[in-house]
Amino acid sequence: MFQNDGQKLQGTLCDHQFISSNYTPSYGRFYSPRYPSSYPKHIKCAYRFRARSKERIRVVFEEVTLQKGDVSCLNRADLIKVHDGRSAHAPVITVLCNEGAALEVLSTGPDLYVEFLSNSDWPGQGFKATFQFQPLEATTTSDTPYTGK
């Protein structure tokens, strides 16, 4: 029932990719390992989303239940990092830790990279999320009249 709609990358424990095409759905679901049971200790998973050139990715974390701790995600053992690009080297959009629901993230372009890191000895339940490939809004500056001198 809690199956990722993406393709598991061969040779990895839990990495998945989600690619927009004419042959794949434009939306779906993805989960942390073993969801809704506790995720494994000391695990790192990557979820790579690749849309078409005029698309972006919308992710909604419907439920996030990680190891409890203080409010700050700064020194947390378990967290979710969302990057606006193809890899962990891309700019970070947001970092999620603790618990939350209905947390929405939008990419600015056709790539999104989600890292799930578990370094605690007391894992939580994890997360469940949805994704959707959306058309980029057509915004052009050429339609705006020039008012400068």
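Which strands each supply at least two residues of the lining of the largest pocket? They are β2 and β10, and the legends below return to them. The model is predicted, so local features need pLDDT of at least 70 and side-chain atom pairs count only at pLDDT 80 or more, while totals for chains, interfaces and linings use all residues. Residues are numbered from 1 along each chain as its sequence is written, and side-chain values use heavy atoms, with hydrogens and water left out.

View 1. The largest pocket has a volume of about 180 Å³. A pocket is an open set of points on a 1 Å grid over the protein atoms alone, where a 1.4 Å probe fits, with protein on both sides within 12 Å along at least five of seven lines; lining residues have an atom within 4 Å of a point. The volume is the space filled by probe spheres set on the points, which are joined across faces, edges and corners. Among the lining residues are Asp5, Gln7, Phe18, Tyr27, Phe131 and Phe133. Strand β2 gives the largest share of the lining, 3 residues.

View 2. Six strands form an open sheet in the order β1-β2-β4-β9-β6-β7, with mixed pairing. Strands are DSSP runs of E with at least two residues, numbered from the N terminus, and two strands pair if DSSP finds at least two bridges between them. The edge positions belong to β1 (7–8) and β7 (92–96); each has a single partner strand, so one side of each is left without a neighbour in the sheet. Strand β1 runs antiparallel to β2 (residues 16–19) and is joined to β2 by 2 bridges. Lys8 faces His16 of β2 across this pairing.

**View 3. Strand β5 and its partners.** Strand β5 is joined to β10 by 10 bridges, and the two run antiparallel. Here Ile57 stands opposite Phe133 of β10. A further 7 bridges connect β5 to β8 (residues 99–106), again in antiparallel fashion. Arg58 has Leu106 of β8 as its bridge partner.

View 4. A nonpolar core is a set of buried Ala, Val, Leu, Ile, Met, Phe, Trp, Tyr and Cys residues joined through side-chain atoms within 4.5 Å. The largest one has 25 residues, and Phe49 is one of those that touch the most other members. Strands β4 (43–50), β5 (55–65), β6 (78–83), β9 (111–118) and β10 (126–135) each give two or more residues to this core. Beyond its neighbours within four places in sequence, Phe49 is in contact (heavy atoms within 4.5 Å) with residues including Phe18, Phe30, Ile57 and Phe131.

**View 5. Aromatic pairs.** The structure holds 16 aromatic pairs. Rings of Phe, Tyr and Trp (its six-membered ring) pair if their centres lie within 6.5 Å; planes under 30 degrees apart count as stacked, over 60 as edge-to-face and the rest as tilted. Phe2 and Tyr31 make an edge-to-face pair, 5.3 Å centre to centre with 90° between the planes. Phe2 is in the segment before β1 and Tyr31 in strand β3 (residues 27–31), so the pair ties together parts 29 residues apart in sequence. Phe2 is partly exposed, with a relative accessible area of 31%, whereas Tyr31 is buried at 5%. Buried means under 20% relative accessible area, exposed over 50%, and partly exposed in between (1.4 Å probe, protein chains only).

Conventions: Helices (H or I, at least four residues) and strands (E, at least two) are DSSP runs, numbered from the N terminus.
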